Amino acid sequence: MPFFLTTLLVFLILEVIVSATSAHALDIVDLRKSFNKKRGESVPALDGVDLTIARGEVVGILGPNGSGKSTLVRAVSTLVIPDSGRVEVFGIDAIARPREVQRMINRVSVEASFFKKLSAYENLVYGAKLYGVTTGESKPRIQAILERIGFDLKRAGEPMEHLSRGMQQKIALARALLTSPMLMLLDEPTTGLDPRSKKDVQEVVRTIRTEHDAAILLCTHDMAEAEELCDRVGIIVDGRIVALDRPQPLKSRYQQNGHLPSLEEVFMAVTGSSFEEAEQRAADAEEVH
Ligand SMILES: Nc1ncnc2c1ncn2[C@@H]1O[C@H](COP(=O)(O)OP(=O)(O)OP(=O)(O)O)[C@@H](O)[C@H]1O
Ligand SMILES: [Mg+2]
C-alpha cells in the first residue's frame, strides 16, 4: 500500500478512536419541543434543556408530573423529533442518525411495547434479535437475567397480557439488559413495583453501573432511589432543568439555619419556588392586559 494511503488510514483510525473516546455518553444542548394543544395553542414540554452525561455516569431526573421527563427520554430515544437543539449519543447526532443511536440505547418505560399474545420469553428473544443477538446467544442469558431480577421463571412462558404490570416492567428491564446498551434510559423503572421487586430492580441498576459501565439516565419520582443510585441529580420544572448536581452539594445549597435538607425538601423548595414564579409571571401578565 502506498505510504500516503497508509498514513491516511492511520489518521482516519486515530480520528475515529479519539472521537469515540472523547465523546460523552449523552450531550443535550438547548433542546426544545412543543406540543399543540386544543385551540391551536402550543405548549413547551422541553424549554431549552442542556444536559451532559459522562460515560459510566448515572444521572437522575426528578420533576413534577408533566414537567417533561418522558419527553426528554423520548427525544433521546429518537421517538420524538425535537423542534430545535442538539442530542448526541456517544458523539452521534440522534436527530440525523437515529438508527445508529437506537443501537446504542435502550429505554425502559411504563409504556414498554410488547407482543401481548407472545410469551415473555418469546418477546425477549425477539427483542435481542433486533439488536443482532442470536437465539443461541440469548437463550442462556435470558434465564440468568430473569433469575437476577427476581422474575419467576415458571411464568416466562405465559403470554405478556397475562402478566401483571410489575412483571411486564421486569421483562422490559430484562430486554434492556439482554442487549447490553451503552446508554440506558430508565423512565420510572420502579413505579408500580412492590417493595421486593423495587429492591431487585434497583440492585440490577447498580450492577449495570458497575459491571457494564453503561451510562444511565433515570427519571424517577422516588427520592431515595435517586439519591442511592445517581451520581448527579437534576430537577426539571416546566421543561427546564433548574438544578443539577451531586446529591450532597445540591442539599448543601438549600441548607437553612444549619439544617441539611433531604432531597425531598430540596425538590419541594425548587419546584415550589418555580410554581410561585410561574404564578407571579401569570399575575404580571394579567396586569399588563
Ligand atoms: N404526544 C403528546 N401530545 C401532546 N402533548 C404531550 C405529548 N407528550 C407530552 N405532552 C405534554 O408535554 C408535557 C410534558 O409531558 P411528559 O410526559 O414529558 O411529562 P413527565 O415529566 O414525564 O410527567 P409524569 O411525571 O406524569 O410522567 C405535558 O404537558 C404533556 O401533556
Ligand atoms: Mg413521564
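1. The protein has ten helices and ten strands. Both are DSSP runs, numbered from the N terminus: helices are H or I over at least four residues, strands are E over at least two. This is a predicted model, in which local features need pLDDT of at least 70 and side-chain atom pairs count only at pLDDT 80 or more, while totals for chains, interfaces and linings use all residues. Residues are numbered from 1 along each chain as its sequence is written, and chains are lettered from A and ligands numbered from 1 in the order in which they are written.

2. Of the 289 residues in the protein, 36% are buried. Buried means 20 or more other C-beta atoms within 10 Å of the residue's own, exposed means 12 or fewer, and partly exposed lies in between, with C-beta atoms placed from the backbone. Contacts are pairs whose C-beta atoms, placed from the backbone, lie within 7 Å. Among contacts with a separation of 6 or more, 69% join residues 24 or more positions apart.

3. Four strands form an open sheet in the order β2-β1-β4-β5, with antiparallel pairing. Strands pair if DSSP finds at least two bridges between them. β2 (42-53) and β5 (92-93) are at the edges; each has a single partner strand, so one side of each lacks a neighbour in the sheet.

4. Look next at the pairing of β1 with β4. β1 (residues 26-36) and β4 (residues 84-89) are joined by five bridges in the antiparallel sense. Val 29 faces Arg 86 in β4. Helix α2 (residues 69-76) packs on this sheet and touches β1, β2 and β4. The direction of α2 makes about 65° with that of β2; axes are lines fitted to C-alpha atoms, for helices over the stretch in contact, and angles run from 0 to 180 degrees between N-to-C directions.

5. α2 is mostly covered, with eight of its eight residues buried. Just after α2, Thr 78 has a positive phi of about 70°.

6. Which residues surround ligand 1? They are Phe 35, Val 43, Ala 45, Gly 63, Asn 65, Gly 66, Ser 67, Gly 68, Lys 69, Ser 70 and Thr 71. A residue is near the ligand if its C-beta atom, placed from the backbone, lies within 6 Å of it. β2 and α2 are the elements that give two or more residues to this shell. α2 has the largest share, three residues.

7. By type, the shell around ligand 1 has three nonpolar, seven polar and one charged residue. Here Ala, Val, Leu, Ile, Met, Phe, Trp, Tyr, Cys and Pro count as nonpolar, Asp, Glu, Lys and Arg as charged, and the others, Gly among them, as polar.

8. Check the backbone at Glu 188. Its phi is near 50°, a positive value in a residue other than glycine. Glu 188 lies in the loop between β7 (183-187) and α7 (195-212). Glu 188 is buried, because 20 other C-beta atoms lie within 10 Å.

9. Asn 257 also deserves a look. Phi of Asn 257 is near 50°, positive in a residue other than glycine. Asn 257 sits in the loop between α9 (247-253) and α10 (263-288). Asn 257 is exposed, with 4 other C-beta atoms within 10 Å.

10. Pro 189 is in the loop between β7 and α7. Why is Pro 189 counted as buried? Because Pro 189 has 28 C-beta neighbours inside 10 Å. Leaving aside neighbours within four places in sequence, Pro 189 contacts Val 108, Gln 169, Leu 173 and Val 201. The C-alpha atoms of Pro 189 and Cys 219 are 8.0 Å apart, across 30 residues along the chain.

Definitions and conventions. Two residues are in contact if their C-beta atoms, placed from the backbone, lie within 7 Å.
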